[in-house]
Structure formats: structure tokens, C-alpha cells
Amino acid sequence: MSDLHPPEHQVAGHRASASKLGPLIDGSGLFYKPLQAGDRGEHEVAFYEAFSAHAAVPARIRDTFFPRFHGTRLLPTEAQPGEPHPHLVLDDLLAGFQAPCVADIKIGAITWPPSSPEPYIAKCLAKDRGTTSVLLGFRVSGVRVVGPEGAVWRTERPEVKAMDTAGVRRVLRRYVSSVADEGMDCALAAAVYGGKGGVLSQLRELKAWFEEQTLFHFYSASILLGYDAAAVAAGGDGGGVTVKLVDFAHVAEGDGVIDHNFLGGLCSLIKFVSDIVPETPHTQPLGPS
């Protein structure tokens with residue numbers, strides 16, 4: 001476990017440090033997420049255990065859109081010396097990427113489960129109203145883009161907190177643009193957002209499941225978008241484009257009701273992404289000979 005370190009590609013949440021618990025990776029393809037305080041951590045463990053074995057969840061959905069769960073493990077942390085902390089053990093979704101690009105997008109106009117205490121609801125509601133969650137049904141929590149040569153562009157916390165609709169459009173374009181290009185050329189949009197295995201195709205497959213599934217309601221869950229800019233630039237097979245759901249500390253039982261809160265936000269995100277794809281450069285038609 002001596003190789004444990006914070007992931008460079010983390011764009012949201014607390015980063016592991018001497019004063020804060022945060023996620024860790026070990027270089028072997030595993031991701032360690034510290035259990036949250038109170039009952040949230042145990043709730044997330046319980047969700048993973050139930051979801052991983054749920055007969056009504058299609059294998060294709062589980063394997064394609066959710067991190068693989070490997071149980072829990074007590075790990076030493078810099079924030080709590082001498083006091084190992086329990087961690088979820090999951091797949092590192094960007095393991096093996098030479099130039100990992102990631103966008104973390106929290107889905108839903110409502111980010112608290114119905115059973116939440118009033119003070120927590122008030123806190124979430126203020127944040128949802130102060131961001132684009134209520135207006136758009138989702139908000140961007142962070143974006144990181146790496147160029148093939150290693151240059152990095154990422155959102156900063158003040159920018160994320162103040163992001164409006166125009167800002168959302170801008171960062172979704174920036175996510176598929178050349179790092180060196182401040183004008184957001186969307187040079188990678190066709191390869192990342194479009195195509196058979198692109199983000200749009202995967203989001204639409206996920207949407208089809210949410211139009212039917214009534215098992216769970218995913219409050220405050222996020223969609224993580226990822227791709228390998230180096231592979232995309234080299235014309236690699238798909239560039240490792242991935243779409244995953246993450247963060248399940250507030251999942252509630254569906255009780256036979258469709259999760260309209262998540263579905264609405266997902267549909268909104270699909271619309272925003274689909275608006276970008278036609279803007280990509282096309283081959284100019286040949287002139288008359």
C-alpha cells in the first residue's frame with residue numbers, strides 16, 4: 001500500500017491531504033474512496049452490495065455504467081495517522097489513460113433524498129438554487145483536460161461555484177477542445193461526443209434504462225465522463241471514452257416509481273452535449289474541377 005496517492009485527475013470533492021480524507025489510487029487499477037461520516041458511508045457500501053448482486057439490474061448496465069465494487073478495506077491515511085479509515089475499493093475508471101480527461105457532472109434538480117433532515121435539505125436547496133441544478137437539472141462539478149503533449153486545463157473552484165448556463169455550455173465545449181486553443185475549437189467533439197461508442201450514444205443507452213428502472217432513485221449522484229486525449233489524437237479505437245455513474249451515498253429505494261429527477265437531468269445533459277456535436281469542423285466540399 002506504499003504506492004497510495006491522490007489521483008491527479010480528481011476534479012471534485014476533497015483531495016486527500018494532511019487535513020482531509022480523500023480518494024486514493026494505488027497504480028494497479030484500483031480506486032479507494034473513504035467512507036463518509038455518519039451513516040452516509042455505510043449507506044453507500046450497502047448500495048454497492050445490493051446493486052452488485054441485484055438480479056433485476058441488467059449485466060450490461062452494471063458492467064458498462066457503474067464502477068466495479070471490490071468490497072471495503074481499512075487504509076492508513078495522512079489525515080488520521082495511526083488510525084486506519086475504511087474505504088470503498090472500486091475500479092480506477094481512468095487507469096491506463098496516458099492523458100486522462102474527465103468531467104464530473106452532478107445530476108438532478110433535487111440533490112437530497114426525501115428522508116433528509118430539514119437542515120440538510122436547506123443546505124442542499126441553497127446550493128442547488130445557487131448553481132444550475134434547479135435550472136438545468138444538472139451542474140458541472142469539475143473538468144480537467146490534458147493535451148497529448150501534457151498541457152493541462154482545469155476548472156477552478158470559484159468558476160465552478162459561479163457557473164451559469166453559458167458557463168456550462170462553455171466548459172462542455174472546452175472539454176473536447178485543444179488544450180492550447182482558448183477559442184474552444186471542439187476539435188475532439190466528433191471523436192468523444194459522437195460516434196457509436198461516444199458519450200452521446202452511451203448517455204442515450206443509460207437514458208433508456210432510466211426510462212424503465214424503478215429500483216433506485218439516485219439523489220446527488222454524478223455522471224463521470226472520461227477519455228484519453230492521447231488515444232483520441234492518435235486515432236485510437238474509441239479513445240477510451242467512458243460514461244460512469246458515481247457517488248451513491250444518497251441513493252433511495254425506487255419503490256416502483258421512475259426516477260424522474262435523475263432522468264430529467266440526464267435528458268437535459270444529452271441536449272447540451274448534442275448541441276455541440278454538429279458544431280465540429282467538417283471536411284470542406286471539393287470545389288469544381
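Me: What does the accessible surface of the protein chain come to?
Reply: The accessible surface of the protein chain comes to about 13900 Å², and 54% of this area belongs to carbon and sulfur atoms. Such areas come from the Shrake-Rupley method with a 1.4 Å probe; for residues, only the protein chains shown count as cover. Please note that this is a predicted model, in which local features need pLDDT of at least 70 and side-chain atom pairs count only at pLDDT 80 or more, while totals for chains, interfaces and linings use all residues. Residues are numbered from 1 along each chain as its sequence is written, and side-chain values use heavy atoms, with hydrogens and water left out.

Me: How many helices and strands does the protein chain have?
Reply: Helices (H or I, at least four residues) and strands (E, at least two) are DSSP runs, numbered from the N terminus. The protein chain has 10 helices and 11 strands.

Me: What percentage of the residues count as buried?
Reply: A residue is buried under 20% relative accessible area, exposed over 50% and partly exposed in between (1.4 Å probe, protein chains only). Of the 289 residues of the protein chain, 52% count as buried.

Me: How is a pair of aromatic rings described?
Reply: A ring pair is described by the distance of the centres and the angle of the planes. Rings of Phe, Tyr and Trp (its six-membered ring) pair if their centres lie within 6.5 Å; planes under 30 degrees apart count as stacked, over 60 as edge-to-face and the rest as tilted. By this rule the count comes to 21 aromatic pairs. The ring centres of phenylalanine 210 and phenylalanine 218 are 5.6 Å apart and the planes stand at 65°, so this pair is edge-to-face. Both phenylalanine 210 and phenylalanine 218 are buried. They belong to a cluster linked by ring pairs, whose members include Phe47, Tyr48, Trp209 and Phe262.

Me: Which arginine lies over the face of phenylalanine 272?
Reply: A charge sits over a ring if NZ of Lys or CZ of Arg is within 6 Å of the ring centre and within 35 degrees of the ring normal. Arginine 169 lies over the face of phenylalanine 272, at 4.4 Å from the ring centre. Arginine 174 lies over the face of tryptophan 153, at 4.9 Å from the ring centre.

Me: How many disulfides does a search of the whole structure find?
Reply: A disulfide is a covalent bond between the sulfur atoms of two cysteines. The criterion is a pair of cysteine sulfur atoms within 2.5 Å, and the search of the whole structure finds 0 disulfides. Cysteine 124 is buried, with a relative accessible area of 9%, and cysteine 186 is also buried, at 1%.

Me: In what order do the 4 strands of the open sheet lie?
Reply: Strands of a sheet pair through backbone hydrogen bonds, either parallel or antiparallel. Two strands pair if DSSP finds at least two bridges between them. Here 4 strands form an open sheet in the order 1-2-4-3, with antiparallel pairing. Strand 1 (24-25) and strand 3 (69-75) are the edge strands, each pairing on one side only. Strand 1 is joined to strand 2 (residues 30-34) by 2 bridges, and leucine 24 has tyrosine 32 as its bridge partner in strand 2.

Me: Which way do the side chains of strand 10 point?
Reply: In a regular strand the side chains alternate between the two faces of the sheet. Thr242, Lys244 and Val246 point one way from strand 10, and Val243 and Leu245 the other way. In strand 10 (residues 242-246), 5 of the 5 residues are buried, so this strand is largely enclosed by the rest of the structure. Strand 9 (residues 222-228) runs antiparallel to strand 10, with 5 bridges between them.
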